[in-house]
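Please read the numbered points alongside the display.

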2 protein chains.
Amino acid sequence: MDSRSKPHRTPCKECPLQGLESLRSMTTDQLSFMQQFKQGEMSVAKATQVLVEMSISPHVYTVLAGILMRFKTMEDGRRQIVNYVFPGDLLGIQGAMQEPLTHGVEALTEATLCVFSRDRMLELFREQPQLGFDTTWLSAKEEAALDEHLLALGQRTARERVAYLASFLFMRGKDTGLTRGHTLKISLTQTQIADTLGLSLVHTNRTIQAFRRSGLLVWSQNELMIADIDGVMDLAKYEHMSFRPRPFI
Amino acid sequence: MDSRSKPHRTPCKECPLQGLESLRSMTTDQLSFMQQFKQGEMSVAKATQVLVEMSISPHVYTVLAGILMRFKTMEDGRRQIVNYVFPGDLLGIQGAMQEPLTHGVEALTEATLCVFSRDRMLELFREQPQLGFDTTWLSAKEEAALDEHLLALGQRTARERVAYLASFLFMRGKDTGLTRGHTLKISLTQTQIADTLGLSLVHTNRTIQAFRRSGLLVWSQNELMIADIDGVMDLAKYEHMSFRPRPFI
DNA sequence: TGGCCGCATTAACATATGACACAGGTGGAT
DNA sequence: ATCCACCTGTGTCATATGTTAATGCGGCCA
């Protein structure tokens, strides 16, 4: 499969994200700024490393389609998936600070990204203060999600963690239009789930199977089916707060 | 002790943070903007709740002095301390998005905060794009720290976690001028340490004592002494990256 | 002065979770 | 076809960490 940049370039007026209810739409002025600010578009195959740990990226990205994961690794090979990246999310903002990335990013599905130049980020803040502000807003969202994950890893049992991650992914998928009925098409291996939740592979497997037998939650290789989302969120003791539409750039 | 706002108001030109090596200093233009942007100053006693979970804060703060903690709680009482807040850090930026706070903040020491108005944040981005950009930079830093904590909770053993937290706090303290020689004056109860690391109180106690006996690390009620910071960081498998001076507002 | 309270400390015991080892299925590469 | 890598699923056993409960100590307050 091809994982290199493609010439195709969605005009910002037709940005697929504009339609999403959970995302805030842009003014025409903002749209036309973004149009010229946008450097290009990139499509990558599943399993492509989009950003690599320790490198300094010359680009900043916005996800147009697809799901990706952010992760950190230790020298001895241990890996922690720190968060998942959905359409509308900003990627690699650390690069804009000219600092080496402290995490890697890998695509979990085919994905297409909107490409911006690291060096022009300040220009965005200068010309479009509101969009600059929105960038901070997005960062605040990311922080809130990470806080939530920390709560999960620090305080929840294995069962609760699995229920938590399932609800989290499902809700994010729902907000970005990726769910159909009770299912979210996402393919995570159990190893990836384990590396997200800080559990061993074996125990993750057992926990997922217990859910499957209960019928509450069926998490297979290609999709996540949640029969009763409220039930699962209760079980996880997860209080999802639905907020106002999030901005994006 | 008094924990209410006080009239005292440090002029920005004499901001104690300007002197820190690890923080970037401001231009005189930026300083004078901040001077009028600053709404006031607040001094709080140890153990004061500065921001409360679920509330919508009308203020955003920068820490001038002191150490605070950010935490989340679950309905059944479980608590996770998600990060520590040092001088130069921004607090409550979620408030600027007019959204309810997803975490609380409590002072661990006497602390003094610089107060800004939530509603004027956009003005900051408009008039001082660089400072707006810096705000995003700060958020990116916070994200990186949270990623690091997730790695600790998800992948490290109890021993490694304690060593990690000790190094993390010590380095942050060092960067903000709070260490003297091998010690950092900070008073954390073992319960707080446990709630940071996702360990039980008893096991935290055992682990800390083991370190104390080894002499590598003495963590008492009022201070943290690290005999050999490199040794402790090795033990934690923690690779601290020292970056360029961080900005602040 | 006595009593209460928060905190550190210890011991004895319980268990959730991890480690290891192996089987079986699937799909891609050659 | 054959091989190989990767993934899910199992069983057995090991152990790091959690739980409960009791002790002691210092500070604070009536």
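The points below take up the model, the DNA surface, a helix pair, the chain interface and a sheet.

1. The structure is a predicted model, in which local features need pLDDT of at least 70, side-chain atom pairs count only at pLDDT 80 or more, and totals for chains, interfaces and linings use all residues. Residues are numbered from 1 along each chain as its sequence is written, while chains are lettered from A and ligands numbered from 1 in the order in which they are written.

2. DNA strand C is surrounded by 15 residues, the closest being Thr157(A), Ala158(A), Ser200(A), His203(A) and Gln190(B) (near here means that the C-beta atom, placed from the backbone, lies within 6 Å of the strand). Two or more residues each are given to this surface by α7 (201–214) of chain A and by α6 (190–197) and α7 (201–214) of chain B. Helices are DSSP runs of H or I with at least four residues, strands are runs of E with at least two, and both are numbered from the N terminus. With five residues, α7(B) gives the most to the surface near DNA strand C.

3. In chain A, the axes of α6 (residues 190–197) and α7 come within 9 Å and cross at roughly 105°. The axes are lines fitted to C-alpha atoms over the stretch in contact, with angles from 0 to 180 degrees between N-to-C directions. Gln190(A), Thr191(A), Ile193(A), Ala194(A) and Leu197(A) of α6(A) meet Leu201(A), Thr204(A), Asn205(A) and Ile208(A) of α7(A).

4. Between the chains, 38 residues of chain B are in contact with 38 residues of chain A (C-beta atoms, placed from the backbone, within 7 Å). On the chain B side, β5 (79–85), α2 (93–96), α3 (121–127) and α4 (129–155) each supply at least two residues. The largest share, 19 residues, comes from α4(B).

5. Chain A also holds an open sheet of four strands in the order β9-β10-β12-β11, with antiparallel pairing (two strands pair if DSSP finds at least two bridges between them). β9 (179–180) and β11 (217–219) of chain A each have a single partner strand at the edges, so one side of each is left without a neighbour in the sheet. Strands β10 (residues 183–185) and β12 (residues 223–226) of chain A pair over three bridges in the antiparallel sense, and Leu184(A) stands opposite Leu224(A) in β12(A).

Notes. Contact = placed C-beta atoms within 7 Å.
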